[in-house]
Amino acid sequence: MSILKEKKTSTRVFRTKRLLGVFILFTLIFTLVLGRLFYLMISNSNFYKTKALQQWTSQITVNAKRGRILDTNGNEFAVSVEAYRIDIDMNTLRQYLKIKGMSMSQLSNKLSSILNMSNDQVSNILYLKSPNGMPVKFATLARKIDKTQADRIDALKIQGFIISSDSKRFYRNNNFLASAMGYVNSDGNGVSGVELSYNKELSGIAGRKILETDNRGNPLPYEDSQYIPPVDGKDVVLTIDQTIQLYAEQAAQKALTDNKAKSVTITVMNPKTGAILAMVNKPDYDPNNPNGNKNQTGEQIAASWKNNAVQNTFEPGSIFKVVTSYAAMSENVVNDDTRFPDPGYAMVDGVRINEWNMVGFPSQTFQDIIKNSSNVGFVKLGVDLLGKDKLFKYINLFGFGQKTGVDLPGESKGIVRSTDKTNKVDLANISFGQGISVTAMQYLAAFNSVANGGTWIRPHIMKEIVHTDSTTNKQVVDTTYNNLGEKKILDPNTAGTLRTYLRKVVTDGVGSAAEVPGLDIAGKTGTAQKSSPNGGYAPGKYMSSFAGMAPASDPKITMLISIDEPDSNNYYAGATAAPVAKNLFNEIFNYMAIK
């Protein structure tokens with residue numbers, strides 16, 4: 001009996017242990033499942049929520065309408081017109097094509113004829129892959145297409161295509177103000193000019209539309225979509241006056257043709273505010289078609305995009321004598337008794353520097369050397385009377401070798417030698433505007449300080465940022481340009497006296513071709529040799545310029561006209577740039593009188 005009893009006890013213990021083992025195993029499995037659920041539902045829930053949302057929702061970007069670019073009087077230069085875009089839900093499209101038995105190449109043929117794209121271009125989009133080599137989930141097929149094209153795509157009834165509104169940039173006057181205004185790329189972002197400088201303000205904020213979809217990507221009719229409306233871009237009002245810009249455009253084109261020049265740059269400003277009233281570079285381009293035509297080389301197209309007034313540097317020649325003149329007057333190194341003999345050349349450290357007319361002038365006064373634009377006179381002024389330290393003091397004071405901070409992209413800072421690397425011959429050349437490189441913006445900012453009585457003011461092209469209130473439909477000013485950087489750098493009396501000397505340049509001197517009776521124009525011509533890439537100066541290549549202000553007693557308008565490489569048979573600024581200034585001043589002041 002005891003043996004049987006022991007056997008039963010042993011069997012019971014074994015069963016108990018086996019049940020305990022099963023219980024422990026199930027407990028372990030349950031714990032693992034619970035842990036996994038905790039990991040999926042709690043710890044990593046955001047990741048899987050996102051994955052799920054991606055699978056059952058479709059998100060469409062709703063582009064904001066880009067703001068307009070306007071002139072100072074509200075005339076439209078650049079607007080955004082209605083267009084359409086085609087995006088593709090690639091998973092839905094692949095599934096649809098599989099069901100319908102249609103190949104990607106067959107689809108490509110249909111699309112290319114509608115969108116005016118090659119089969120290869122369409123195929124590259126349809127077979128697009130992500131960086132890891134996997135087919136993409138979403139792709140953009142076309143942007144900025146018109147309604148007819150969008151309707152033809154819609155009529156195909158192919159699942160996976162998402163047609164939504166888009167906008168297309170349109171420049172109302174084609175190449176008008178092109179170099180300063182710039183253009184946008186295929187994504188609607190500014191590439192150059194005002195479009196780039198104020199891209200953030202013009203762009204606005206894109207909206208979103210989120211739809212719940214079925215397993216084929218079709219929107220579920222009983223679900224409400226989430227819609228976040230876009231915020232349209234703001235309008236940028238420029239300081240540019242459309243009428244003055246038109247006069248400058250016409251003047252630049254005529255100067256380009258008449259002088260058989262490489263290029264012409266004209267900038268017109270208000271010297272009291274730093275406002276740019278007109279800015280022209282010829283030849284230019286049409287921002288509606290920035291890539292030019294098949295007859296243009298890549299180099300020509302790139303050159304046409306450049307805003308020479310801001311990005312190009314040039315040796316100013318005799319227009320720089322305005323700076324040397326002010327320095328001499330301010331430092332009291334000249335007076336009415338100072339005389340400048342001129343045999344037609346000056347010798348500096350054994351180097352002969354010729355007068356521009358080769359024969360020289362009779363003994364001249366300080367006013368005479370300005371009026372006659374005497375190189376020899378200014379060599380004496382810079383080397384013998386001023387000296388290196390004093391002249392460079394004013395070069396720095398006027399802001400040369402530094403960016404002005406104009407609100408346009410790509411500004412150059414020019415080239416100014418360091419004083420320790422400037423010898424007497426260098427100093428002699430700099431005194432009359434050779435051996436120093438400036439931009440039109442730098443020069444006009446300096447010239448404006450003489451015109452306005454001594455204040456340096458930052459040039460600018462933006463007047464204000466505005467938007468239209470959706471409730472009242474009235475224009476609201478968000479920002480007014482106020483980054484003027486004003487600083488008093490000149491003595492008003494000395495600047496006023498210098499203006500009277502510059503007036504003589506136009507009435508009795510080398511700038512007489514700019515004279516318009518009754519306008520009291522003051523100015524300075526400049527004819528500078530162009531440097532050669534191989535060193536020295538290129539024979540027969542010049543930059544001819546005229547800097548002017550009117551009326552001299554209280555200037556309302558300043559301008560700088562530069563003609564790059566005019567005909568080598570007639571290149572002096574008095575015969576090329578000054579007549580352009582005469583006509584332009586006359587047109588502007590007639591317009592201002594009427595206005």
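The backbone oxygen of Ser431 sits 2.9 Å from a polar atom in the side chain of Thr324, a polar contact in the sense used here (a pair of N or O atoms within 3.5 Å; within protein, one must be able to donate a hydrogen and the other to accept it, and residues adjacent in sequence count only if both atoms are side-chain atoms). The structure is a predicted model, in which local features need pLDDT of at least 70 and side-chain atom pairs count only at pLDDT 80 or more, while totals for chains, interfaces and linings use all residues. Residues are numbered from 1 along each chain as its sequence is written, and side-chain values use heavy atoms, with hydrogens and water left out.

Thr324 belongs to helix α13, residues 321-330; helices (H or I, at least four residues) and strands (E, at least two) are DSSP runs, numbered from the N terminus. With a relative accessibility of 0%, Thr324 counts as buried, where buried means under 20% relative accessible area, exposed over 50%, and partly exposed in between (1.4 Å probe, protein chains only). Apart from neighbours within four places in sequence, Thr324 is in contact with Phe378, Leu381, Leu386, Leu391 and Ser431, contact meaning heavy atoms within 4.5 Å.

Ser374 is found in the loop between α14 (366-371) and α15 (375-386). The side chain of Ser374 makes a polar contact of 3.2 Å with that of Asp342. Once residues up to four places away in sequence are set aside, Ser374 touches Lys321, Asp342, Glu355, Trp356, Phe361, Gln364 and Ile369.

Now for the chain as a whole. The protein chain contains 20 helices and 21 strands, and 49% of its 595 residues count as buried. Among contacts with a separation of 6 or more, 71% come from residues 24 or more positions apart.

Charged side chains come next. The whole structure has 24 salt bridges, each a side-chain nitrogen of Lys or Arg within 4 Å of a carboxyl oxygen of Asp or Glu. One of them joins Arg68 to Asp235, with the closest N and O atoms 2.8 Å apart. Arg68 lies in the loop between β1 (57-62) and β2 (69-70) and Asp235 in strand β8 (residues 235-238), so this pair ties together parts that are 167 residues apart in sequence. Arg68 is partly exposed, at 26% relative accessible area, whereas Asp235 counts as buried at 8%. A network of salt bridges links Arg68, Glu76, Arg172 and Asp235.

Lys530 takes part in two further salt bridges, one with Asp564 and one with Glu565. Between Asp564 and Lys530 the N to O distance is 2.8 Å. This pair links distant parts of the chain, with Asp564 in strand β21 and Lys530 in strand β19, 34 residues apart. For Lys530 and Glu565, the closest N and O atoms are 2.9 Å apart. Here too distant parts of the chain are linked, as Glu565 is in the loop between β21 and α20 (573-594), 35 residues from Lys530. Lys530 counts as buried at 19% relative accessibility, and Glu565 counts as buried at 18%.

On a 1 Å grid over the protein atoms alone, a pocket is an open set of points with protein on both sides within 12 Å along at least five of seven lines, a cavity is a set where a 1.4 Å probe fits but cannot get out, and lining residues have an atom within 4 Å of a point. Grid points are joined across faces, edges and corners, and a volume is the space filled by probe spheres set on the points.

Helix α11 (298-305) is among the elements that each supply at least two residues of the pocket lining, and α11 gives the most, with five residues. By class, the lining has 12 nonpolar, 15 polar and nine charged residues; Ala, Val, Leu, Ile, Met, Phe, Trp, Tyr, Cys and Pro count as nonpolar, Asp, Glu, Lys and Arg as charged, and the others, Gly among them, as polar.

The structure also holds one cavity of 30 Å³ or more. The largest cavity is lined by Asn175, Leu177, Ala178, Ser179, Glu249, Met279, Val280, Asn281 and Asp284. Strand β10 gives the most to this lining, with three residues.
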